[in-house]
Amino acid sequence: MSFTNATPLDVARAARLGSRKLAILPTDARNAALTAIHSALSEAKDQILAANALDLEAANKAAESGKLSKSLVKRLDLGKKGKYEDMLQGILDVRALDDPIGVVNKRTLLDDGLILERKTSPIGVLLIIFEARPEVIANIASLAIKSGNAAILKGGKESTESFKAISSVISKTLNSTSVPHGCLQLVQTHDVIGELLKLDQYIDLVIPRGSNKLVRTVKDSTAIPVLGHADGLCCIYLRDDCPVEMAVRVMVDAKTSYPAACNAVETLLVDENALRTVLPAVAEALLAKGVSLRCDSASKTALSAVLNKHSAVQLQDATEADYATEFLDLILAIKTIPNLPTLEEAADAAISHINDYSSHHTDAILTLSAPIASRFQDGVDSASVYWNTSTRMADGQRYGFGTEVGISTNKIHSRGPVGLEGLTIYRWLIKGQGQVSTEYGAGGKEWKHEQLPVGEEEKIARTEEEVELLRAFRAKKAGVVNGAGK
């Protein structure tokens with residue numbers, strides 16, 4: 001890793017060259033680099049948190065003057081309980097994962113002596129642009145190295161000191177590993193972004209992590225494929241059969257555990273029959289946590305009738321714009337799903353709202369009805385759709401990916417939390433014995449196109465004929481052993 005002021009073209013070229021060497025670096029060498037990074041960041045914790053404190057001090061001043069959002073300040077804080085430890089654990093989790101490179105996941109016998117294989121490979125060069133979130137540097141470094149991709153990183157000015165401190169530690173550490181120079185580069189100046197976004201001949205994928213404005217600006221400024229999401233407008237649909245304790249537990253986590261996160265819930269859809277049964281306890285719990293509730297007419301009327309006066313006066317009127325807003329704060333919009341002739345129609349109304357208003361990031365339903373939950377999960381067009389759990393579960397580490405480079409709402413290549421698998425692509429390989437295309441087709445040989453087993457499938461008998469052959473082989477082997485023992 002290098003902390004560079006080189007020209008955008010030189011940065012991209014170096015990354016391309018480094019990526020080709022990293023792609024063929026043995027698994028053990030890549031894992032050893034992750035071990036070294038983990039150890040170095042562990043030892044440098046105090047130094048890095050001191051640098052982060054400088055960023056936080058400047059960010060808080062900017063927030064007080066209205067120049068920076070409070071949600072961005074929260075994302076910047078690396079000293080938040082457990083955050084640094086999670087960053088370190090993510091590196092170890094990635095190291096422990098199977099190597100995603102060089103895996104044959106499809107084999108086809110085209111003809112005798114002519115085999116087609118689909119084999120995983122790195123994407124190549126990644127450009128990651130992020131605001132705040134200093135832990136992204138460690139996340140990206142570990143995922144890039146493990147997946148064999150080169151990465152160019154550009155952090156926001158809000159995290160300058162943290163960026164420098166973490167980058168310096170990782171850069172120094174990688175000098176003692178087998179990771180090729182140029183594979184990980186950290187650019188310092190803001191004006192290079194526009195130039196880098198033009199270099200589609202060297203950069204294969206852009207991953208922006210930050211505000212809606214950042215993501216949309218990147219998407220509008222490049223011909224390079226962009227992986228990410230512009231908003232995190234998540235919804236939860238609460239049905240009247242949901243146990244009150246479950247509803248309270250899930251909603252408090254989804255809204256208050258980290259309000260500035262892109263997977264925090266922003267809109268609560270409530271069955272009309274749940275307005276006076278399940279919703280009051282949920283509302284009381286959220287109000288106690290300092291959440292502002294913006295209610296439609298039906299939910300406000302119902303809650304005002306059952307909540308105590310102190311709680312009732314805190315309820316606010318929702319506007320139509322609230323249902324299309326990612327608050328990133330302790331604010332929740334509530335909308336009623338009216339009673340309809342069937343439960344399916346009510347579920348469809350909730351699904352329709354989510355598909356129209358949500359950002360297709362993560363949405364959830366709280367219900368005891370398996371058929372309705374299945375209808376919801378099939379109907380909602382989002383990257384992650386849950387049943388009876390918090391939207392905050394949308395996270396690469398929680399999915400077992402080790403960590404993530406971000407969450408994608410794209411519908412091609414990768415969707416949802418993006419870990420190692422999302423940073424790989426594949427190549428088609430053919431192994432032949434001199435065959436040529438003109439041998440096949442009209443008047444020539446016929447293709448066999450027989451699917452061959454891959455991975456563990458190769459150890460499994462797939463037909464009765466293969467089973468009989470296996471039995472005969474085992475019987476013959478047992479006979480040899482028995483004969484040898486006489």
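What percentage of the 486 residues in the chain do buried residues make up? After that, please take me closely through the open sheet that contains β2 and β3.

Mentor: Happy to! Residues are numbered from 1 along each chain as its sequence is written, and side-chain values use heavy atoms, leaving out hydrogens and water. The model is predicted, so to speak of local features we need pLDDT of at least 70, and for side-chain atom pairs 80 or more, while totals for chains, interfaces and linings use all residues.

Now your question: buried residues make up 51% of the 486 residues in the chain. Buried is under 20% relative accessible area, exposed is over 50%, and partly exposed is in between, with a 1.4 Å probe and protein chains only. The C-alpha atoms fill a box of roughly 90 × 60 × 60 Å along the principal axes. Within it the chain has 16 helices and 18 strands (DSSP runs numbered from the N terminus: H or I of at least four residues for helices, E of at least two for strands). Among contacts (heavy atoms within 4.5 Å) with a separation of 6 or more, 75% link residues 24 or more positions apart.

Let's zoom in on your sheet. It is open and has four strands, in the order β17-β3-β2-β18, with antiparallel pairing (two strands pair if DSSP finds at least two bridges between them). On the edges are β17, residues 424-431, and β18, residues 450-452, each pairing on one side only. From one strand to the next, the twist averages 25°; such angles run from 0 to 180 degrees between N-to-C directions of axes fitted to C-alpha atoms, for helices over the stretch in contact.

Start with β2 and β3. Residues 104-111 make up β2 and residues 114-122 make up β3, and six bridges pair the two strands in the antiparallel sense. You can follow that pairing residue by residue: T108 stands opposite L116 in β3, and L109 stands opposite I115 in β3. The two strands form a hairpin with two residues between them, and G113 in the turn has a positive phi of about 75°.

Next, cross from β3 to β17. These two strands run antiparallel and are joined by eight bridges. To find this pairing, look at P122, which stands opposite T424 in β17.

R16 sits in helix α1, residues 8-22, and counts as buried at 14% relative accessibility.

N410 lies in the loop between β15 (406-408) and β16 (416-418) and is buried, with a relative accessible area of 16%. The N410 side chain reaches the backbone oxygen of V226 at 2.9 Å. Not counting residues up to four places away in sequence, N410 touches V226, L227, G228 and R415.

Last, the cores. A nonpolar core is a set of buried Ala, Val, Leu, Ile, Met, Phe, Trp, Tyr and Cys residues joined through side-chain atoms within 4.5 Å. In the largest one, of 48 residues, L41 and I48 touch the most other members. Helix α6, residues 136-147, gives the most to this core, with eight residues. The axis of α6 and that of helix α5, residues 83-96, come within 9 Å and cross at roughly 5°. Where the two helices meet, M87, I91, V94 and R95 in α5 face A138, N139, S142, L143 and K146 in α6. As for I48, this residue touches L41, L78, Y84, A165, I166 and V169, not counting residues up to four places away in sequence. Apart from this core lies another, of 37 residues, including V248, V250, L293 and L366.

Key. Polar contact = N/O pair within 3.5 Å; in protein donor to acceptor, adjacent residues only side chain to side chain.
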